[in-house]
Each structure stands twice: as structure tokens, then as C-alpha cells.
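Hello,

Here is the structure I promised to pass on to you. Please have a look at it first, and then read my notes below.

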Amino acid sequence: MTDQAPAAYSGPQRVLSGVQPSGALHLGNYLGALVKFARLQHEMDTFIFVADMHAITVWQDPKLLANQVREITAAYLASGLDPEKATIFPQSAVPAHAELAWIFNCVARLGWLDRMTQFKEKSGKHKERASVGLYTYPVLQAADILLYKATHVPVGDDQRQHLELTRDIAAKFNHDFEAPAFFPLPDALTQGPGSRIMSLRDGTAKMSKSDPSDNSRLNLLDEPDLVAQKIRKAKTDPEPLPETLDELKGRPEAENLIGIYAALDGRSSAEVLAEFAGQGFGAFKPKLAELAVEKLGPVGAEMRRLMADPAEIDRVLAKGAERAREAAAPTLAETRRLVGFWGA
Ligand code: TRP
């Protein structure tokens, strides 16, 4: 043996991501995730799932869960994901996620999970009352990704740490089981327009489904009147819009609204500023409302149309689940063999 670096993964490039079916989807999810997924499906083999197994790490009403899965699926489709191109499926319909997660639970170290900041935030003051699943959530996430040997994972900034953990698990598995190029070390794709959509009430906080104020976000299912009203009420400052991005520094609300306009219109913030420089929010907000209604209206309408026909959504999910199970099978079989399980 020479002491070369271990052979690196050389399989095909693949995109994988998922959204939890908990709470309504908003503009931040749309621009930062869904639109990105739809773009990536034209560049690489793409797997997009609904993370219902992650959702139940905190309580979900069993009467609502399946419909929430359908709603996320409707949002995927309304945002341009094409079930003929991308594999769209419910996580819980592919048991291999849970099987691989168990093996990874035995690869990941307690110390690695102890560092996860999202668990600290989500478990709050009483971590002894959090579910064990919430603690080991990032390990399931690693299984989601590595089961399909995904190389590119479009996610928000808040998921960076989980992607680092995924790479640590992949590297330790490859090393421990002497299969140096078995799992890829996937990259997080966190950049792009719409990756930093902030609250309409506070330009320093991310737009979030857990914000108690519904006025802080534009939900995909908000009716046009409500979208316009929320933009009218959005927090701003009294200054007119400047000419350059530099002059927007220290004005987080102004910066956010310009960023939203740019992302919705497929332009850069600099271009949008050039157009509105010197104008106040009294002039800018109606234009933003018009654009938001023009872009989001059809997405909400298409979601409603799809939700009225759950059988169509279920057909998409069933077909996606079948494709996902097929894609997952060889990785799970080989993993079982590497681990040394009986019969593998
Ligand atoms: N944790 C992700 C979030 O809350 C959702 C998720 C679960 C995910 N598994 C994933 C994202 C795998 C990307 C890849 O946003």
C-alpha cells in the first residue's frame, strides 16, 4: 500500500433536498428553496422529498400530516418541479431512510451531535423533554442525502452545520468500513437570489413560519389582497431609496424589500435600486406589491387547483416513492454488506 490520499467519490452528480410538512410555506421558502430546486432539475439528476419523518420529531396532528405532505408537494409542482424530471416523494414511503439512519446513529459520535445549534434552539430550556428523534434529526438528514449519494444539497444557511455533519459521517463510514470512495462528501448550495429573505416586520430576522406575526411573511397561499396589505404594512424607514447598495447598509428593512423585488423579478438589487433611486417607500411599495401579486398569485392559484385534486398529487407521490425506493436499494444493500449484516 502506498500512503496516497483515499480515492475520492467519482459517481454522478446528484441534487437532493427536502422541506418539512409543518406550517405554511412562505416567500423565503419559495425563493430560497423551491425555485432553486426547479432550476437545478435541468442541470442534474434531482431528488426532492417531503420530510415527514423529520416533522414528527416535534408533535404533528395525525389527522393533518398526510395533507400537509400533499400541500408541500403542491407547492413543489406549482413552483415548476416536473415529476417527469425530478423524483418527488414522501420520506416515510422509503423505509431505507430509517434503516440507513440507524447505521449512521452508530457511526456519528455523541460529541458531534452535542455541538448542533439547531437542537439547542429547538429543544429550548427543557432538553430532557425533547424527543430523542429531535436530537438525532441531523443523522436522519445525513441518511436522506447519502442514501442517494447526493453531491449537491440546496439548503438555507441554517442547515450548513447539518451538511458538515453529513460529510463527517460519510468520511467516518468510508474510513471505518474501508470503502474510501463509497459515500460522496456532499456540498451545501446556500447561495443565490432569495437566500436571505427577511421578515417584513424586522429586517434583521429571517422570514420564518414560526414567527408569531403573520404580517412578517408572505405565505404562498395568501390571497392577493392580503399580499398587498402585508407589503403596505411592512416596516420601513423614512428615507428615500439611495442609488447604491453601499448606502443601503444599516437599513435592513429597505435592503430586504429591495432584495425581495430583485429576487422576484430575476434582477440584481443594484439594478432595482438604479430604477427606484430617489423615490420613497410610498412609491416603491405599490410597485413591489404589484410584482409580488403577479409572481405569487399564479403559484397560490396552482397550489389550490392541485389541492382540490388530492388523487393527482397522490399519483405523483406514489410514482416518486417507487423511483426513490429503486434508487435507494443498491446503496442500502451495499451498506449492509459493508457493515457485515447477516444475509447481506
Ligand atoms: N432539515 C431541513 C430543513 O429543515 C429539511 C431536510 C431534511 C433536508 N432532510 C434533508 C434538507 C436533507 C436537505 C437534505 O430545512
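L332 counts as buried, because its relative accessibility is 10% (buried means under 20% relative accessible area, exposed over 50% and partly exposed in between, with a 1.4 Å probe and protein chains only). L332 belongs to helix 13, residues 310-339. Helices (H or I, at least four residues) and strands (E, at least two) are DSSP runs, numbered from the N terminus. Between the C-alpha atoms of L332 and R251 there are 50 Å, with the two residues 81 apart along the chain.

Before you go further, please keep in mind that this is a predicted model, in which local features need pLDDT of at least 70 and side-chain atom pairs count only at pLDDT 80 or more, while totals for chains, interfaces and linings use all residues. Residues are numbered from 1 along each chain as its sequence is written, and side-chain values use heavy atoms, with hydrogens and water left out.

Now to the ligand. Around the ligand there are 13 residues, and H54, Y137, Q141, D144 and Q159 come nearest (a residue is near a molecule or strand if one of its heavy atoms lies within 4 Å of it). By type, the shell holds 6 nonpolar, 6 polar and 1 charged residues. Here Ala, Val, Leu, Ile, Met, Phe, Trp, Tyr, Cys and Pro count as nonpolar, Asp, Glu, Lys and Arg as charged, and the others, Gly among them, as polar. Helix 7 gives the largest share of the shell, 4 residues. Strand 1 (14-19) and helix 7 (132-146) each supply at least two of the shell residues.

Which side chains place a polar atom by a nitrogen atom of the ligand? For D144 the distance is 2.7 Å, for Q141 it is 3.0 Å, and for Q159 an N or O atom of the side chain is 3.0 Å from a ligand nitrogen. On its own the ligand has 360 Å² of accessible area, and the protein covers 89% of that (areas come from the Shrake-Rupley method with a 1.4 Å probe; for residues, only the protein chains shown count as cover).

The ligand takes up the space of the largest pocket. A pocket, on a 1 Å grid over the protein atoms alone, is an open set of points where a 1.4 Å probe fits, with protein on both sides within 12 Å along at least five of seven lines. A molecule sits in one if more than half of its atoms lie within 2 Å of its grid points.

Most residues other than glycine have a negative phi. K149, which is not a glycine, has a positive phi of about 50 degrees, and E178, also not a glycine, has a positive phi of about 50 degrees. K149 is in the loop between helix 7 and strand 4 (152-154), and E178 is in the loop between helix 8 (160-176) and strand 5. Are they buried or exposed? K149 counts as buried because its relative accessibility is 19%, whereas E178 counts as exposed because its value is 71%.

N219 is buried at 7% relative accessibility, and D222 is buried at 13%. The side chains of N219 and D214 are joined by a polar contact of 2.9 Å (a pair of N or O atoms within 3.5 Å; within protein, one must be able to donate a hydrogen and the other to accept it, and residues adjacent in sequence count only if both atoms are side-chain atoms). D222 and G297 are 75 residues apart along the chain, and their C-alpha atoms are separated by 8.4 Å.

Best wishes

Methods:
1 Å grid on protein atoms, 1.4 Å probe; cavity = no way out; pocket = protein on both sides within 12 Å on 5 of 7 lines; lining within 4 Å.
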